[in-house]
Amino acid sequence: MKPKLAVFKFASCDGCQLSLLDAEDHLLAVAGALDIAFFPEATSRMRAGPYDVALVEGSITTAHDAERIRAVRRDAKCLITIGACATAGGIQSLKNWADHTDFIRAVYATPEYIATLATSTPIADHVHVDFELRGCPINQYQLIEVIQSLLAGRRPRTPSHSVCIDCKRRGTVCVLVARGEPCLGPVTQAGCGAICPAYDRGCYACFGPAAQANLAGLTARLASDGMRPGRIAQSLRTFNGYAPAFREESDRLADGRDRVDEVRR
Amino acid sequence: MTERTIQVEILTRVEGEGGLLLKLRGSDVERIELRIYEPPRFFEALLRGRPLEDVPDITARICGICPVAYQMSSVHALEQALGVAVSPEVRRLRRLLYCGEWIESHALHVYLLNAPDFLGFDSGLDMASRYPEEVSRGLRMKKHGNQLIEALGGRSIHPINVAVGGFYRSPRRDELERLIPDFRWCVDAAIETVRWTASFDFPDFSRDYQMVSLIHDTEYPMNEGDVGVLEAGPGPDGGRGAERIPVAEYERQFREDHVAHSTALHSVRVGTGRPYLVGPLARVQLNWEHLSPTARELAREFGFDRTCGNPFRTIVARSIELVHAYEEALEILGSYEPARPARNTYAYRAGAGCAATEAPRGLLFHRYTVDEGGRVREARIVPPTSQNQGQIEADLRAWVPHVATADDATLARQCENLVRCYDPCISCSTHFLNVRVERA
Ligand code: SF4
Ligand code: SF4
């Protein structure tokens, strides 16, 4: 029997699940090898669990979703989070630092209709996660690798070194050293193929913190290049800002002369 | 009299999470709600205090299918606030990038999301066994759209190369020129697509729309123009009969209301309170004269030079836009000159700016206020799907009596099919859509 695949969405932009539909050359093969049992963005046929593999996109931002992810976990033999929203809380986790009522008011005229939690949290804060794919969005080839290794019954292999190393491999001139562009590549997990520096801009860490990233070292360097601590903290607080390594360093910096509120204002 | 409640918990083959609720008494619709339960992500709020350079990267994350649209509306609005002009080369490159997004998004919708409804399948993938040629044609068309975004933007989802003032780097000529042979193939494939979709069996259903799209004097609108409003009526128009509203007036002419069943906001025209239609059907009819030559011929052949109020036929309009996007992209690719510099510099100043561009699904309005330190003070974003939501509900109300004798499952399916024609993007509209049908 073909393994049953399900794709679930929580608070997200759909970009990560779209990566699967964007794998045009592999799509029909994947659809042939797997039993796509639940993937509402792609098919109207929906079958109940249990599923062999659940791909989970998005973060938890409502009480209802906090319940729903438990049900997904109960139904899934293997649960894989796809992307920065699911693994770190996503860009919407910026509200974890802010006054939530203000946030609702900024968008909706009648805030009393909106039921949402004050926080955006990663899936692993709620249930056990078997494997995670980083990136905002994930890299299509990494997703295919994960699906193929599951089909072959081996553990997926994804890199844990930094973007910096991939720049060297690509032969990209370092934007930090050569041009003084602030770049988070030294502390960001590889996986994208080191795209940004190849387009003459610093990495903004959409793949989240690399293992054993020397954050204090990089932020000291950025500070000595003239960046204010508040601004450095802010640059860590983006798509993976709530990932522990980035969160701790940004909080440390924001507690200094630049206060959290100044960062926010 | 029988009362029925029909509920579609999860709308499928749409972007994001929504449902539909229908309450019927006999064949009378008592209640209809497009429910958007996609959790809100509060983009306008989280942009406050961020450096304006972050805005195109952050707003891109509103939607994985149309990130370029968010990047385009945001950079244009910010450039207006800063008083920075972009070079003609940058302007062309932005159009090229937008072509890539229209292609990727339209090909996805036509082949994988919408065509299955007309051919009786649950998904585009299921269609592959009966329609192998069509499905692989669609996938290849989509792939080349993605490759274009990748060449220009670094990657196809959330491209990284769009900056306030231009691009971080102009692509080298060889990076773009190698796409040309595939794009030639794509023009023919897109013409085939128009003929194929036009041959589908469309329900006899028509609405008197108030159609809204950007209009521009010399080109098919993408990045700029005035807001054109065309009231449905007989006869050829081509935008001539359209009312023109400067983009800066948008917020005075259109209003968003917050309704309880939705985390999206409903748009209406100020004054009349009438909902309106944005997207390919409106765009083609307001602008058919400025389509590329082949696309214009096809528009005329299939009747889009006159008023077409059948939402089901949007798939044909979308296919015509595919022809246009490939032809325009080819034209730009063939005469490409890298922009030097890739990006104009600017000085910070306090101010406000707004812009509208045409996302694949329709008009996308952004407004920002920035301070003298280059930080965002206020942001406002009005996505296409929230503008369409009121119209979708009104159309469902009109559509249900046509199919009310069907059993619940068929009725639900028929309603879902209609909703899909607008290619709703629910992630965008939360600040934005749920189809449940209650038969009272
Ligand atoms: S991680 Fe990024 S690309 Fe993926 S769903 Fe979240 S916002 Fe979208
Ligand atoms: S270089 Fe950094 S920001 Fe750019 S795509 Fe890669 S991980 Fe994301």
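Why is the site of ligand 2 shared between chains? Residues from both chain A and chain B surround ligand 2, so the site belongs to the two chains jointly.

Before the details, a word on conventions. The model is a predicted one, in which local features need pLDDT of at least 70 and side-chain atom pairs count only at pLDDT 80 or more, while totals for chains, interfaces and linings use all residues. Residues are numbered from 1 along each chain as its sequence is written, with chains lettered from A and ligands numbered from 1 in the order in which they are written.

Let me return to the ligand. The residues surrounding ligand 2 include A:Cys192, A:Cys196, A:Cys203, A:Cys206 and B:Ile160; a residue is near a molecule if its C-beta atom, placed from the backbone, lies within 6 Å of it. The shell holds eleven nonpolar residues, one polar residue and no charged residues. Here Ala, Val, Leu, Ile, Met, Phe, Trp, Tyr, Cys and Pro count as nonpolar, Asp, Glu, Lys and Arg as charged, and the others, Gly among them, as polar.

I turn to the interface. On chain B, 46 residues are in contact with 49 residues of chain A, where contact requires C-beta atoms, placed from the backbone, within 7 Å. The side of chain B that touches chain A comprises 19 nonpolar, 14 polar and 13 charged residues.

Next, chain B itself. It has 15 helices and 14 strands, these being DSSP runs (H or I, at least four residues, for helices; E, at least two, for strands) numbered from the N terminus. The C-alpha trace of chain B spans about 70 × 45 × 40 Å along its principal axes.

Finally, helix packing. Two packed helices are described by the angle between their axes and the distance between the axes. In chain B, the axes of H8 (residues 180-198) and H12 (residues 314-334) come within 8 Å and cross at roughly 165 degrees; axes are lines fitted to C-alpha atoms, for helices over the stretch in contact, and angles run from 0 to 180 degrees between N-to-C directions. H8(B) is therefore roughly antiparallel to H12(B), a term for angles over 145 degrees. Their contact has 17 nonpolar, four polar and two charged residues.

In chain A, H10 (residues 215-224) and H12 (residues 244-254) pack at about 45 degrees, with axes 11 Å apart. A:Leu215, A:Ala216 and A:Thr219 of H10(A) meet A:Ala245, A:Glu249 and A:Leu253 of H12(A).

Methods:
Contact = placed C-beta atoms within 7 Å. Parallel < 35°, antiparallel > 145°, perpendicular 65-115°, else oblique.
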